[in-house]
Amino acid sequence: MTEKIGEMLIKSGMISQEQLQEALRLQKTQGGRLGFNLVKLGFVKEEDITSLLSEQYGVPAIHLEHFDIEEDVIKLIPSELAQKHLLIPIERTGSTLTVAMVDPSYMAAIDQIRFMTSYNVEPVVAAEASIRAAIEKYYGGSSAMQLKDVMDEIEKVDESAELEIETDEEELSEQALAQAGKDAPVIRLVNAVFTDAIKKGASDIHIEPYEKDFRIRFRIDGLLYEQLRPPMKMRDGIISRVKIMAKLDIAEKRVPQDGRIKTIMRVEGKVKEMDYRVSTVPTLWGEKVVLRLLDKEGLKLDLTKLGFEPESLEKFQRAIGRPTGMILITGPTGSGKTNTLYSAIGQLNKPDKHILTAEDPVEFSISGCNQVQMKEEIGLTFASALRAFLRQDPNIILVGEIRDFETAEIAIKAALTGHLVMSTLHTNDAPSSISRLVNMGIEPFLVGTAVQLIQAQRLVRRICQNCKEEIPYPKKALIDIGFTEEEAEEVKILKGKGCQICNGTGCKGRIALMEVLEMSESIREMVLTGANALDLKKKAIEEGMITLRRSGLIKIKNGMVPLEEVLRETVL
């Protein structure tokens, strides 16, 4: 199929030999079918491939989105076979079963279905993305099939077993909770949820109990989506299973707990090592559990891929190249600050540098860096760690967050005594970080002298490249949000209309908006005279600072992010 489709596309003039070779190279490194990789590279559209295959093999081409497949038809073909050969049954008429396939010439799969079902098989061709989406919808992928099997088992559990779980929480013994967490269906369900979260690119898993309901949600590209509503009788078993894996006290339900899970699992044929940061809090109807997925493979350590504009990246790299001074990364929780800091550390991590980090928590292990986990309950705070660091002969110090005067004071002094210090703050933009430090009690002359650069950032969703389309937008409205008159005439506003690849959202993946304030001599003088954040911002813009809003407008012009995402995350 790989060679056939490539040859057919070349003969039809849809792609060149060079494009075919590039797609083959991508296929070798990332796997997947050739057609999928050609579409991914933007060399051809999926509908063009399906039309070509339809014409070549004399079978109809269909749009699976227009079909509502009956459950008894789906049951005719096992999910394993559907996923292996990328096919799905769509209709049964008499003794004929119609099957949508990516490759309608694959006779081995057709013969296997014919033998298995005793039906005559009539193949039709459909786009790979639509077949994958249909498999996910009707079978739920491999992990969702596991969930279905588990649910079927739970339905068979007798009432006495259910009563044991539904007993009043205070009466449940530690042994009963542990046994519930080791129940086979519970283990399978939790494993399936973990696998499904990785497949869907989730950053967090939320396990939430309510009075008469129990749900599991995934955060994907910054937004929460409901995935599953397990039976209430599984509530204690699921929560206990996660706590057992995270080595938490399963009998303690009254106070928050934090833990960590390390797993090795096979997802889509690849072995992945995953870390999950686990947090529990007691709510009115039980413990809510949130797991943060920490995928080191997904950690971007290349500064050029984070979202910096060229001018901003040049300023940032100039600052981290200095031997001394302070660099601050600001933004709300979940804005990618840790990724930016780790990327900077990754660039500076050389054999001749001694790097110490104080983090709460340590999200990823970086070889060559000495990372310290904060433990406030025993007195190991950012401030106490910083004091100890200064006696360890470091070149570079990373402080997870500046939360109080004591930490800020030690960090500033470290930056003034021959160390490069990097840290984070929670402020709305770069200039207001200066006011925050002064309000904490740091003298303005110390702030002006020590701080070399402040960067603010926000994460916004990218436009899905598979379904993007141009939409009309009034010129005046474009000017009102920050575009110049010339830009408003030329800019094309793009938006994803929603497809199988982006689950109908129109967005796939995220990128950061960056605002980089470099401390020039004139800005240092303004800090010394007590200038407010607004005046500092005006001066920085005069000197060429790209604001968060401007960074967003540039990405809109480049067709990278939808306009509403920028409006949601930034202000003029």
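What follows is a short chat about reading strands and helices in a predicted model.

Guide: Residues count from 1 along each chain as its sequence is written. In this predicted model, local features need pLDDT of at least 70, side-chain atom pairs count only at pLDDT 80 or more, and totals for chains, interfaces and linings use all residues, while side-chain values use heavy atoms, with hydrogens and water left out.

Visitor: In what order do the three strands of the open sheet sit?
Guide: Strands are DSSP runs (E, at least two residues; helices are H or I, at least four), numbered from the N terminus, and two strands pair if DSSP finds at least two bridges between them. Here the order is S1-S2-S3, with mixed pairing. The edge strands, S1 (87–93) and S3 (120–125), each pair on one side only. S1 and S2 (residues 96–101) run antiparallel, joined by six bridges; threonine 93 has threonine 96 of S2 as its bridge partner.

Visitor: Which residue takes a positive phi in the hairpin of S5 and S6?
Guide: Aspartate 221, with phi near 50°; two residues lie between the strands. S5 (residues 214–220) and S6 (residues 223–228) pair in the antiparallel sense over five bridges, and arginine 219 is partnered by leucine 224 in S6.

Visitor: At what angle do the axes of H14 and H15 cross?
Guide: Axes are lines fitted to C-alpha atoms, for helices over the stretch in contact, and angles run from 0 to 180 degrees between N-to-C directions. The axes of H14 (residues 310–320) and H15 (residues 337–348) cross at roughly 60° and come within 11 Å. Contact means heavy atoms within 4.5 Å; Phe316, Gln317 and Ile320 of H14 meet Thr340, Ala344, Gln347 and Leu348 of H15.
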